[in-house]
Amino acid sequence: MRRNVSAATRVALVTNQTGVDAEGRRTIDVLAGEQARSRGVQLVAIFSPEHGVNGILDTTAIANSRDDATGIPVYSVYGTSDAKRRPSPEIMQSVDEAVFDIQDIGTRFYTYETTLGYFLEAAAKAGKRIVVLDRPDPINGASVQGPVSDAGRESFTDYGQIPIRHGMTIGELARYYNSERGIHARLTGVPMEGWERGDWLDATGLLWVNPSPNMRSLTEAALYPGVGLVEGTNISVGRGTGTPFELVGAPWIHATELAEYLNRREIGGVRFVPTEFTPDADVYAQKRCGGVNIVLTDRDALDGPELGVEIASALHALYPAQYDMRKLDWLLVSAASAKEIADGVDPRRIAMEWDDAIERFRAAREKYLLY
């Protein structure tokens, strides 16, 4: 028997272009379809994170809109202020539950993780249920790397005190945040079938869908916890080129010098090829940059955050007058590590100092793991 429309469960969906099922159907269309309606589900609102519902916008000025296919209103939860990054309390009160379906990339400073946290908070405050549709950690759920962020420094790129590479799925993160941060939302997780902790995305049979405009391959996702770490400083990380996060450069860098320095460090899983490139956007747009192409040789041997520290340390050693490290700690969120980089401490020693906090995090996260 069909439920009356008046008795339907009114649903708000948090999603973007990554929200598709195994047949390529958008979660939007599934929840707005006749089968969902026959089961008493009424999709009444869509929330879109950074880059918009289609994942193609690289601006903070993302307006509300309507979904072309369904006509359902789309509300942006991204912008320049905290209020713009959170769902409207009025809309949350007008629905019965929220559904979250976004593919993450397993890195602390990727903003979709904070959007998840904000919706957990909003659901708890409104007394509504939130359902998280789980998706793989594309860079695997076994590796945990990088410093645990300093307490009291939460931001839109650091929702909680976790390592840069946390090795958790979005559903596991929801469980972790909901309990460890004392949110206590009415959380329901829909787990995956067949995923194992050591799986990279290409072991799942799922198609790669760019989660953001500059995240175009699994290789770039593997490098991102390291290369993305240093992009707050005055270097290009390849945005505005065909291979973002596979490049590091600046007009004042000597390509061969930097490549030789980094290759002498014998960093596991990568090697460095001298190159020159001219970004057409972002930092140093239309300026010729010397730098390195980072070649991923063994993704399982790579410690991404340590790679980021190696790059920052190399630039500080080679170009102390040109390399501006003042914003390095923006994404590192470890004042002790940032100071040691500035003091010239060996990157391997810095990384070793993260081990105790990583082990404490591993123990804390254990009860929230689903796989």
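When I say contact today, I mean heavy atoms within 4.5 Å. Hi everyone! This is a predicted model, where local features need pLDDT of at least 70 and side-chain atom pairs count only at 80 or more, while totals for chains, interfaces and linings use all residues. Residues are numbered from 1 along each chain as its sequence is written, and side-chain values use heavy atoms, leaving out hydrogens and water.

Let's start with the whole protein. Its secondary structure comes to twelve helices and ten strands, taken as DSSP runs numbered from the N terminus (H or I, at least four residues, for helices; E, at least two, for strands). Of its 371 residues, 56% count as buried, meaning under 20% relative accessible area with a 1.4 Å probe, protein chains only. Among contacts between residues at least 6 apart in sequence, 73% join residues at least 24 apart.

Now to one helix pair. How do H7 and H8 pack? Helix H7, residues 255–264, and helix H8, residues 304–318, have axes 10 Å apart and an angle of about 125°. Those axes are lines fitted to C-alpha atoms over the stretch in contact, with angles from 0 to 180 degrees between N-to-C directions. H7 and H8 are therefore oblique to each other; that label is what remains after under 35 degrees (roughly parallel), over 145 (roughly antiparallel) and 65 to 115 (roughly perpendicular).

And who meets whom? From H7 we have Glu257, Leu258, Tyr261 and Leu262, and they meet Glu310, Ile311, Ser313, Ala314, Leu315, Ala317 and Leu318 in H8.

Terms used:
Buried means under 20% relative accessible area, exposed over 50%, partly exposed in between (1.4 Å probe, protein chains only).
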